[in-house]
Amino acid sequence: MLATFFRTAGTALISFWAGSAIALPDLDLREIAAGIFVHQGRNELPDTHNRGEIANIGFIAGERCVAVIDSGGSPEQGRALKAAVAARTTVPVCYVVNTHVHPDHIYGNRAFKAPGVSFVGHHKLARAMAMRAPYYIEKASRDLGHALTAEDFVPPDLVVQDRMELDLGSRTLTLTAHGPAHTDNDLSVYDAKTATLWAADLLFMGHVPVVDGSLTGWLKEIERLKAVPAKLAVPGHGPAVSDWPAAIAAEERYLSGLADEVRAAIRQHRTMEQAMETVGISMRNDWQLFSEFNKKNVATAFAALEWEDD
C-alpha cells in the first residue's frame with residue numbers, strides 16, 4: 001500500500017554547509033513502501049528555473065544505515081536530500097548509489113562526501129564521469145547556473161561488475177549492472193523486503209525514453225527487468241508504479257517501434273536526416289517531451305543499426 005507523504009514542520013530545513021547555516025526547502029518525499037522514500041522530479045527539460053532538479057531521487061533506510069539512490073540535479077538538491085534523510089531517520093547514510101552518469105542524478109554527490117559513506121556505481125561509471133565532467137561543468141554554468149568543479153563528480157569506490165548486495169541492517173539491496181541501454185553505465189536496485197525495483201532511467205513513465213547508450217541493448221535489458229519479481233517499480237522519471245511488469249510495456253513499444261522503423265528506413269536507403277523527420281511520429285501523443293528527444297533517439301539508433309548486418 002502506498003504510504004502518505006512525510007513532512008517536517010515548517011517550510012524550511014536548516015543545514016550547515018561550508019561552516020554557515022543555509023536554509024533549504026523541505027524536499028518533497030513520499031514513502032512508497034516501508035523505509036523507501038522517493039522524491040518525484042518534473043518531466044521537464046533542465047533549465048535555470050528547475051535548476052536541473054528533474055529526476056526521481058530518494059533513499060532506502062535499513063536498521064543500520066541508509067542508501068541514497070541518486071543525489072539530485074544540483075548541489076543544493078543534494079544538500080536538501082541530505083537534510084531530508086536526517087529529518088526522517090536517525091540512522092546514518094552509508095551508501096550513495098549513482099544509477100548512471102546523467103547530471104540530473106549525480107550533481108548532488110558532493111553533499112554526501114563524508115567518512116563512512118561509500119559511493120557505489122556501475123563498473124563503467126568512473127570512466128563516463130571522467131570523460132563527461134569538463135562538458136558537464138561548462139554546461140551546468142551556462143544552462144543551469146551551477147558553479148561546479150571536479151569535486152562534484154564523485155566516482156564510485158564500490159564498483160558493481162555484475163551484481164552486488166548492500167546490507168543496510170535487516171534489509172539487503174541487490175544492485176545489478178546492466179549492459180548498454182539508456183547509457184552504458186546503468187544500475188538497477190532491488191529491495192527484496194518490499195519487492196521494490198528502483199529501475200532509475202531504465203524505466204521512463206510519461207517522459208519519452210532517452211537513448212544515450214544502445215537501443216537494441218535496452219530492449220534486451222527490458223527482458224531482464226521484466227523477470228524481476230517486483231510489486232513496485234520506481235522509474236527515473238514519472239510516478240512510481242505498482243503494476244509491474246506491465247508498467248514497462250509502453251516504453252518497450254516505443255523502443256521496439258523505433259528499432260523497426262529505423263531498420264525500415266535503412267532498407268529503403270533513406271538518410272539519417274530523412275529518418276529523423278518521420279520515425280516514431282505515430283507515437284508522438286503517447287509521450288511528454290517527444291519533440292525534444294525523439295529525433296536524437298532516431299539519430300542514435302540509426303548510427304548503430306545501419307551497421308548491424310555488416
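Reader: What should I know before I start?

Author: This is a predicted model, in which local features need pLDDT of at least 70, side-chain atom pairs count only at pLDDT 80 or more, and totals for chains, interfaces and linings use all residues. Residues are numbered from 1 along each chain as its sequence is written, and side-chain values use heavy atoms, with hydrogens and water left out.

Reader: How many helices and strands does the chain have?

Author: Helices (H or I, at least four residues) and strands (E, at least two) are DSSP runs, numbered from the N terminus. Here there are seven helices and 15 strands.

Reader: What does the radius of gyration say about the chain?

Author: The radius is taken over C-alpha atoms, and the globule rule is 2.2 Å times the number of residues to the power 0.38. For 310 residues, a compact globule would have a radius near 19 Å; the chain has 19 Å, which agrees. Its C-alpha trace spans about 60 × 45 × 35 Å along the principal axes.

Reader: What share of the residues is buried?

Author: Buried means under 20% relative accessible area, exposed over 50%, and partly exposed in between (1.4 Å probe, protein chains only). In this chain, 55% of the 310 residues count as buried. Strand β8 (residues 93–97) is a clear case: five of its five residues are buried, so β8 is largely enclosed by the rest of the structure.

Reader: Which strand is joined to β8, and in what direction do they run?

Author: Strands of a sheet pair through backbone hydrogen bonds, either parallel or antiparallel. Two strands pair if DSSP finds at least two bridges between them. Strand β7 (residues 66–69) is joined to β8 by four bridges, and the two run parallel.

Reader: What is the order of the strands in the open sheet of five?

Author: The order is β11-β12-β13-β14-β15, with mixed pairing. β11 (163–167) and β15 (232–237) stand at the edges with a single partner strand each, so one side of each has no neighbour in the sheet. Neighbouring strands are turned by 25° against each other on average, direction ignored. Axes are lines fitted to C-alpha atoms, for helices over the stretch in contact, and angles run from 0 to 180 degrees between N-to-C directions.

Reader: How many bridges join β11 to β12?

Author: Five, and the two strands run antiparallel. M164 has L175 in β12 as its bridge partner.

Reader: Which helix lies across these strands?

Author: Helix α4 (residues 215–226) lies across β11, β12, β13 (187–191) and β14 (196–204), and runs at about 165° to β14.

Reader: How do I read an aromatic pair?

Author: A pair of aromatic rings is described by the distance of the centres and the angle of the planes. Rings of Phe, Tyr and Trp (its six-membered ring) pair if their centres lie within 6.5 Å; planes under 30 degrees apart count as stacked, over 60 as edge-to-face and the rest as tilted. The whole structure has seven such pairs. Y107 and Y136 have ring centres 6.4 Å apart and planes at 75°, so this pair is edge-to-face. Both Y107 and Y136 are buried. Y107, Y135, Y136 and F153 form one aromatic cluster.

Reader: Where is V298, and what is it in contact with?

Author: V298 is found in helix α7 (residues 290–305). V298 is buried, with a relative accessible area of 0%. Contact means heavy atoms within 4.5 Å. Leaving aside neighbours within four places in sequence, V298 is in contact with L258, V262, A275, M276 and V279.
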